[in-house]
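Thanks for coming, everyone. Let me put the structure up, and then I'll walk you through the parts I picked out.

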Amino acid sequence: MRTRSLLALAGTATALALAVAAPASADGSAVLTTGSAGGTAAATGDTLVAPLAPGTSATLYSSATGTSGVSCTSSQFTATVTGNPSAPGTATESVTGHSFDASSCTSNVIGVTGVSSITVDNLPYTATVASDGTLTVSPAGGSSVQTTVKLKTLLGSITCVYQAASLTGKADNSDSSITFTNQQFTKVSGSSLCFASGYFTAKYAPVTDGGARVYVN
C-alpha cells in the first residue's frame, strides 16, 4: 500500500524549523537574516512561520517512487529562533508547531474513504540551519519525530502512527523555501491498511519573520 501523506512530519515535522537558504554568506551577517541575504539579523525569540508553497501538496507515500497515500494542500510550520550566530555557522530553532488542515487532505489508498486528522506529536523539536542551507529537525533525547494519521475507512476509523529519528531538508534563498524530499517514516502502530513505511515530501514557502522573508547566509 502506498501513501504520500504529510508530515512532516513531520510535522514534524514535521517538522522542522523554518529557515531558508542557498548560502549567500556575507561577512559579518548572521546565519538567518530578514529582508535580504546579508540583511537584518533574525533576533533570538523571533517567530518564523511558513505555509506550503503555493500550488504544492505535502504528501506521505508508501514508497519513495509511489503515488499512493495521503496528500494535503494546507499545512504550516512555526518555529522560534533560539540561536543565530555570525555566518558562516549554524543557527538553531525550536519547532513549536506543525499543522495540517484535514479538510484539505485526501487519500487514494484502497479501502480509505477520507482523512480525519494528521497530528505531529512530541513537539517541540530542535532544528539546526547551516550556512549551506542544510536543515535538520531532531526530537528531544529519547523521543522521535512522530506523526499520527487518522483515516476513515469502509470498516470505520483507523489510526496510523509513524516515526522517524530525524528529518533533513534544504533551504533555498531564491524563494525563501524549505523542501523535504522522501523523508522516511516507519509505522509503529496501526492496522494493515496503514502502509508500513511513509515517505514525506513537502515544500514550505515563504519562510517569514514578522512578515519579512527569511534568508540563510
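Terms first: helices (H or I, at least four residues) and strands (E, at least two) are DSSP runs, numbered from the N terminus. This is a predicted model, so local features need pLDDT of at least 70, side-chain atom pairs count only at pLDDT 80 or more, and totals for chains, interfaces and linings use all residues. Residues are numbered from 1 along each chain as its sequence is written, and side-chain values use heavy atoms, with hydrogens and water left out.

Now the overview. The protein chain has zero helices and 18 strands. Of its 217 residues, 52% are buried. Buried means under 20% relative accessible area, exposed means over 50%, and partly exposed is in between (1.4 Å probe, protein chains only). The chain exposes about 8,100 Å². Carbon and sulfur atoms supply 51% of that. Those areas come from the Shrake-Rupley method with a 1.4 Å probe; for residues, only the protein chains shown count as cover.

Start with Ser75. It is found in strand β6, residues 75–83. Ser75 counts as buried because its relative accessibility is 6%. Its side chain makes a polar contact with the side chain of Tyr204, at 2.8 Å. By polar contact I mean a pair of N or O atoms within 3.5 Å; within protein, one must be able to donate a hydrogen and the other to accept it, and residues adjacent in sequence count only if both atoms are side-chain atoms.

Tyr204 leads us to the aromatics. Rings of Phe, Tyr and Trp (its six-membered ring) pair if their centres lie within 6.5 Å; planes under 30 degrees apart count as stacked, over 60 as edge-to-face and the rest as tilted. The count by this rule is five aromatic pairs. Phe77 and Tyr204 form an edge-to-face pair, 4.4 Å centre to centre with 65° between the planes. That pair links distant parts of the chain: Phe77 is in strand β6, Tyr204 is in strand β16 (residues 197–204), and they are 127 residues apart. Phe77 counts as buried, at 1% relative accessibility. Tyr204 counts as buried too, at 0%.

Next pair. Tyr162 and Phe195 are stacked, 4.8 Å centre to centre, with 20° between the planes. Tyr162 lies in strand β13 (residues 156–164) and Phe195 in the loop between β15 (177–189) and β16, so the pair ties together parts 33 residues apart in sequence. Both Tyr162 and Phe195 are buried. There is also one aromatic cluster, formed by Phe77, Phe180, Phe185, Phe200 and Tyr204.

On to strand pairing. Two strands pair if DSSP finds at least two bridges between them. Strand β10 (residues 125–130) and β11 run antiparallel, joined by four bridges. They form a hairpin with three residues between them, and Gly133 in the turn has a positive phi of about 95°. On its other listed pairing, β11 is joined to strand β14 (residues 167–172) by four bridges, again antiparallel.

Leu135 and Val137 make up its covered face, while Thr134, Thr136 and Ser138 are on the uncovered one.

Now charge. A salt bridge is a side-chain nitrogen of Lys or Arg within 4 Å of a carboxyl oxygen of Asp or Glu. How many are there by this rule? The count is one. Lys203 pairs with Asp175, and the closest N and O atoms are 2.8 Å apart. Lys203 lies in strand β16 and Asp175 in the loop between β14 and β15, so the pair ties together parts 28 residues apart in sequence. Lys203 is partly exposed, at 29% relative accessibility. Asp175 is partly exposed as well, at 24%.

Last, the backbone. Most residues other than glycine have a negative phi, and most peptide bonds are trans. Where does this model depart from that? The peptide bond from Ala87 to Pro88 is cis, with omega near -5°. Pro88 sits in the loop between β6 and β7. Leu123 and Pro124 are also joined by a cis peptide bond, with omega about 0°. Pro124 lies in the loop between β9 (112–121) and β10.

Asn122 is in that loop between β9 and β10. It has a positive phi of about 65° although it is not a glycine. Asn122 is partly exposed, with a relative accessible area of 33%. Asn182 has a positive phi too, near 50°. Asn182 lies in strand β15, and it is partly exposed at 31%.

That's my tour. Over to you.
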